[in-house]
Amino acid sequence: MTQGRPKPLAGFRVLDFTSMVAGPYCSRLLADCGAEVLKIEDPSGDHMRNARPLRNGQSAYFAALNCGKKSLVLDLKSEKGRAAAAALAARGDVVLENFRPGVMKRLGLDYAELASPRPDLIYCSISGFGQSGPRASQPAYAPVAHAASGFDHTHAVHQGGNHRPAKTGIFTADYLAAVYAFGAIQTALIGRLRHGHGQHIDVALMDSMMSLLVYEYQEVQFPSDTPRPLYGPLATRDGFVNVAVVNQRNFEQLADVSGNPHWKSDPRFSTPHVRPANWKALMDEVEAWTRRHGARQCEEILMAAGVPCSRYLTVAEAMADPQIAARGSLSEAEDGAGRLKVLNPPFRFGDGSIGTGPRVPGRGEHTREVLESVLSLDAADVDALAAAKDMVA
């Protein structure tokens, strides 16, 4: 990091009412960029604190999503808890929430209520189907958004067979919505700096998944007779590789390095216009070559020739890749169980100012500190809140 240079979002305060994945990942990225993130938990704590994998009762999953934040416990079902939350919002820059639409309004913590005394407030809502429309009130998690958007069906069709959609274990919709919310919040902050007004941002998991299907949403309107090239596993002597022959140069390099220069004059493969219709035949011939080599050997030969190729690595193997260490893709954080490796944000600033916070907050660890410093409550007021079980000091 350049000596003395602050992180880009230093000085901005985020009031984070979110749980699960999408909201916490968004606010963690904001914290990585220097924002002060106040994570509001109910008295029982964010249930993700109990999510596996666990080490000595501490969730590594929770740690990866929440390092670098401050934790406050406020009982939003109580009048005093809600009043404290509203007062914090009045002294903040951003409110982030991922309750089902209508919940924050019932609590008196919706955009209209909080923006009334603070018209330049940036308020971001993340939900399954958005804040309006016939499905707005329906419950939805990432797997539902995968299914409802057409993503799962499209992926199943690509696999062939009986088109039964695959199981979901990687919550793409959550992380994608988090990134869109992260960008939208910063766009709104720039708008506030330029024009002086606040904004209510509405991010939907459904819309986020639809954004991955740019080609498919056009193709369904204007169907093509030619199937789209698919990039899948090619068998090797000891595993599989993925070979991404995207442009003409890649194709010609592949033909030469695999000992098949005749492909370049084969009327089925020679140009980008004819290859899609004969893609399976081409991949069958490429696989005949990869089967004669080990996966690592295929990767080394093809990458050296300029042909994009990778073995299918496990997560453990990917973590051990020297490229990960060279880029600093992982950093260390610490919680009540000790140290663990977490992913840095997937972008770098030249001055080194972006990165994960080193501490994972304990439940309610910063309640007293924040209420005293931000709201100027004296110790007696904080003790009174704690005695009423509206917070945990």
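Trainee: Which helices and strands each supply at least two residues of the lining of the largest pocket?
Mentor: Strands β2 (36-41) and β7 (122-127), along with helices α4 (103-106) and α6 (142-148). Elements are DSSP runs numbered from the N terminus: helices are H or I with at least four residues, strands E with at least two. A pocket is an open set of points on a 1 Å grid over the protein atoms alone, where a 1.4 Å probe fits, with protein on both sides within 12 Å along at least five of seven lines; lining residues have an atom within 4 Å of a point.

Trainee: What kind of model is this?
Mentor: The model is predicted; local features need pLDDT of at least 70 and side-chain atom pairs 80 or more, while totals for chains, interfaces and linings use all residues. Residues are numbered from 1 along each chain as its sequence is written, and side-chain values use heavy atoms, without hydrogens or water.

Trainee: And the second largest pocket, how many residues line that?
Mentor: 25, with H158, P229, L230, Y231 and G232 nearest its centre. Helix α7, strand β9 (233-235) and helix α12 (279-290) each give at least two residues to that lining.

Trainee: Switching to salt bridges. How many does the structure hold?
Mentor: There are 23, counting a side-chain nitrogen of Lys or Arg within 4 Å of a carboxyl oxygen of Asp or Glu.

Trainee: Which residue does D120 pair with?
Mentor: R192, with the closest N and O atoms 4.0 Å apart. This one joins distant parts of the chain, since D120 sits in the loop between α5 (111-115) and β7, and R192 in helix α8, 72 residues apart.

Trainee: Is R192 buried or exposed?
Mentor: R192 is buried, because its relative accessible area is 12%, and the limits are under 20% for buried, over 50% for exposed and partly exposed in between (1.4 Å probe, protein chains only). D120, at 21%, counts as partly exposed.

Trainee: How about D284, which residue is its partner?
Mentor: K280, at 3.0 Å between the closest N and O atoms. Both lie in helix α12, 4 residues apart, about one turn of the helix. K280 is exposed at 61%, whereas D284 is partly exposed at 39%.

Trainee: What about R339?
Mentor: R339 bridges to E334, closest N and O atoms 3.2 Å apart. Elsewhere, shared partners join R13, E36, K70 and E369 into one salt-bridge network.

Trainee: Last one: where is R164?
Mentor: In the loop between α7 (151-159) and α8 (172-195). R164 is exposed, at 69% relative accessible area. Its C-alpha is 33 Å from that of H293, a residue 129 positions away in sequence.
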